[in-house]
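This briefing is meant for a reader who is meeting the structure for the first time. Please keep the sequence and the model in view while reading, and follow the topics in the order given.

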Amino acid sequence: MPIHELTKPLILESGDTLKDPRIEYSIAGEIKNKGKNVIIACHTLTGGIDVVESKLWTFIGHGELIDPREHCIIALGTLGGANKSSGPCTTDPGGDQYGKNFPTVTITDSIKAHGEVLNALGIQEAKAVIGGCYGGFSAYTWLAMRPEFFKLAIIFQSSIYCSAHTIAMFSVFRDLITSSQKWNHGNYKSEDLSTFHEYCQMFAVTKLFQMSHDKFEDKFPIEQRRINRNNSTPYWESHSSIDEFVIRAPKDIATMDPNTLMSVMRSEALFDLEASFPDLWNKWKKLKTKVVHLPCVEDWRYPTSTMQKIHRKMKKVGIKSYYRPTSSPYGHGSFLFDRKSLERELPLMRKLLRKCK
């Protein structure tokens, strides 16, 4: 995938400077009319930027809502994230790997860099921006930084600030990583990751937050648990397939960089659009973008009330905003995991996309 090197150092929200910043991106389709057919797809926290080829983005692809034969679809990798954009795994201007010396970056920093990429591609406006959760944070940030750039925004299960619950979860993850001797102050060895017990524990906790009640019950139905029920195993030892599933380290753990995960989690934890843009709502009085908010009723991480408040405030300042809650037993992330939960809303999204001339 192409990597764009920015021509100037990037001044970060923190006041630090990122020299020679690079952004990896994917592009499918042809840019037409200076970007009028462009759709920016904002990836999830650790998701890839190959959204057209991904099996998760079911509404993007040939014959789908967002078709690369009609639209030019661009996904840009965030700074410090799980891609080849500048981050802990990339090299600094001196040729050394950044590691823990990579500066703290925010979503606003990433979108600022992404804007430079679009400028270099000759894109002067875009048809739509789309994203969910972390990608929703990015989409809202685009609207704050370029309120006249997009005709439409489609945002799933997100907010204009990171939830306290998510920050707390990331605090546990960070402590599990940095408290281990194997982390070695950020100088760990990739071959040691599979035996990095605390890091494996972090992924175990992640499964508890990522998978909803119904997803767990589907994976481990009560009927099967009764068949495999074991009363004789000592209580301090593993006794079921659930134990094995939760504790087992990911097969590709050697490719999952701890510093990168902490970097992108900090970007999300720092996300607060009203803090980054104190004049946000005055700025949004001029917002011409139509905004579709799609929370999920079963999502306990970003409940429907979160997006409903944003929707109501947008309506109050004159923004054309739509509030369309979905329902799915998968809860958070259902916009990727449960295509059926979107079926009722696809006609509206298709109609709005067609009206974006």
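The second largest cavity has a volume of about 40 Å³, in a model that is predicted.

- The residues that line the second largest cavity are F209, Q210, M211, S212, D299, W300, R301, Y330, G331 and H332.
- Sorted by class, the lining of the second largest cavity comprises four nonpolar, four polar and two charged residues.

**The largest cavity**
- The largest cavity contains about 50 Å³ of space, and its lining includes I40, A41, C42, H43, L76 and T78, together with I111, H114, Y134, S138 and W142.
- At least two residues of the lining of the largest cavity come from each of strand 5 (38-42), helix 1 (107-120) and helix 2.
- Seven nonpolar and four polar residues make up the lining of the largest cavity, with no charged residue in it.

**The second largest pocket**
- Helix 3 (164-178) and helix 8 (258-269) are the elements that give two or more residues to the lining of the second largest pocket, and helix 8 gives the most, with six residues.
- The lining of the second largest pocket has ten nonpolar residues, alongside six polar and three charged ones.

**Helix 11**
- Helix 11, which covers residues 304-316 and so has 13 residues, reaches 18 Å from its first C-alpha to its last, close to the 18 Å expected at 1.5 Å a residue.
- Which residues of helix 11 are buried? They are T306, M307, I310, H311 and M314, and they line one face of the helix because, seen down the axis of helix 11, they fall within an arc of 130 degrees.
- An α-helix has 3.6 residues a turn, so residues three or four places apart point the same way.
- K309, R312 and K316, by contrast, are exposed on the other side of helix 11.
- The buried residues of helix 11 are covered by elements including helix 2 (134-145), strand 8 (150-156), helix 10 (280-284), strand 9 (290-294) and strand 10 (321-323).
- Just after helix 11, G318 adopts a positive phi of about 95 degrees.

Definitions and conventions. Residues numbered from 1 in each chain as written. Predicted model: local features only at pLDDT ≥ 70, side-chain atom pairs only at ≥ 80, totals over all residues. Heavy atoms only, no water. Helix = DSSP H or I, 4+ residues; strand = E, 2+ residues; numbered from the N terminus. Nonpolar A, V, L, I, M, F, W, Y, C, P; charged D, E, K, R; others polar. Expected span 1.5 Å × (residues − 1). Buried < 20%, exposed > 50% of the residue type's maximum accessible area, 1.4 Å probe, protein only. Arc of directions from axis to C-beta. Contact = heavy atoms within 4.5 Å. 1 Å grid on protein atoms, 1.4 Å probe; cavity = no way out; pocket = protein on both sides within 12 Å on 5 of 7 lines; lining within 4 Å. Points joined across faces, edges and corners; volume = space filled by probe spheres on them.
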